[in-house]
Amino acid sequence: AVQINYMEQPQKPKFQIVTQAEVLPNTKYYLELKAKRKEDEELREREKKKREQREQMKAEERERVEQERKMMEQLQRQKEEEEARKREEDRRQMRQLEGRLEIMVNRMQESITPKEYTVAGLELGTVRCRIINSALQNNHSLLGLHLSRKKLTDDVCESMTKMLMKNKFLQKLELEGNMLGPATSKGIAEALETNKSLHILDLESNWLTSSGQDTTGIYAIAEMLKKNKTLLSLNLGNNQIDAKCGEYLVSAME
């Protein structure tokens, strides 16, 4: 007889028993802790964004400063080049000056001029006028200068302003019948705020208001008159000055 032994197989449990479990209590303390953690995360995120914004602003500021530096360097180079060009023009013109004008400029530089000079009959222009203005900066012998009807424009503004700022002896300046505009008006006004020697200034028949379109130069002259106490005669006739400017000039002299 054959005997067969059957091994009993262990039965699997119907349910798995969990011996340990982490239960996070839904308590007030836990909810507050969770909210605090979330708030801290949001705060860190905001701080991070602020730092990034500050860094971006610093980078933009550095870029702006660098651009301004480059621009200033470029303007300085342009100014130096322009000054060098003007000096070269002055040197060329000095070599080409005809006898009478050359003698005038030399005498101005040495302060051995007569009391008055006129350039009637002489070809002048911007560069030669600039040479005269430069020669007059430290002159102490010339009292009157006549530059009427020489087609002078605002190109002479800078040199004339410098001359009037530095010269302490010129008493009379005739500029009638030129083409001087608002820029020259403002330049002369700036110079005469400190100039104490000039008594007579003739600016009749110029373009001081650009045919009535720009009165800023006239207002600058009016403001100068409030400070200047030595100018005795000022001729602004035939410059298309409107009534409002005229009233302002009158009030400035009161």
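Buried means under 20% relative accessible area, exposed over 50%, and partly exposed in between, with a 1.4 Å probe and protein chains only. This is a predicted model: local features need pLDDT of at least 70, side-chain atom pairs count only at pLDDT 80 or more, and totals for chains, interfaces and linings use all residues. Residues are numbered from 1 along each chain as its sequence is written, and side-chain values use heavy atoms, with hydrogens and water left out.

**Figure 1. Overview of the protein, with 7 helices and 5 strands.** Helices (H or I, at least four residues) and strands (E, at least two) are DSSP runs, numbered from the N terminus. The elements follow the order α-α-β-α-β-α-β-α-β-α-β-α from the N terminus on. Of the 254 residues, 31% count as buried.

**Figure 2. The open sheet of 5 strands, in the order S1-S2-S3-S4-S5.** Pairing is parallel; two strands pair if DSSP finds at least two bridges between them. S1 (116-118) and S5 (233-235) are the edge strands, each with a single partner strand, so one side of each lacks a neighbour in the sheet. On average, neighbouring strands are turned by 5° against each other, direction ignored.

**Figure 3. Close-up of the S3 and S4 pair.** S3 (residues 172-174) and S4 (residues 200-202) pair in the parallel sense over 3 bridges. Lysine 172 has isoleucine 200 of S4 as its bridge partner.

**Figure 4. Asparagine 239 in the loop between S5 and helix H7 (243-253).** Asparagine 239 is buried, with a relative accessible area of 3%. Polar atoms of its side chain lie 3.0 Å from the backbone oxygen of leucine 203 and 3.0 Å from the backbone oxygen of leucine 236. Leaving out residues up to four places away in sequence, asparagine 239 touches Leu203, Glu204, Ser205, Asn206, Trp207, Leu208 and Thr209; contact means heavy atoms within 4.5 Å.

**Figure 5. Packing of helices H6 (residues 216-227) and H7.** The axes are 8 Å apart, at an angle of about 10°. Axes are lines fitted to C-alpha atoms, for helices over the stretch in contact, and angles run from 0 to 180 degrees between N-to-C directions. H6 and H7 are therefore roughly parallel to each other (angles under 35 degrees). H6 contributes Ile218, Tyr219, Ile221, Ala222, Glu223, Leu225 and Lys226 to the contact. H7 contributes Lys244, Cys245, Tyr248, Leu249, Ala252 and Met253.

Notes:
A polar contact is a pair of N or O atoms within 3.5 Å; within protein, one must be able to donate a hydrogen and the other to accept it, and residues adjacent in sequence count only if both atoms are side-chain atoms. Angles under 35 degrees count as roughly parallel, over 145 as roughly antiparallel, 65 to 115 as roughly perpendicular and the rest as oblique.
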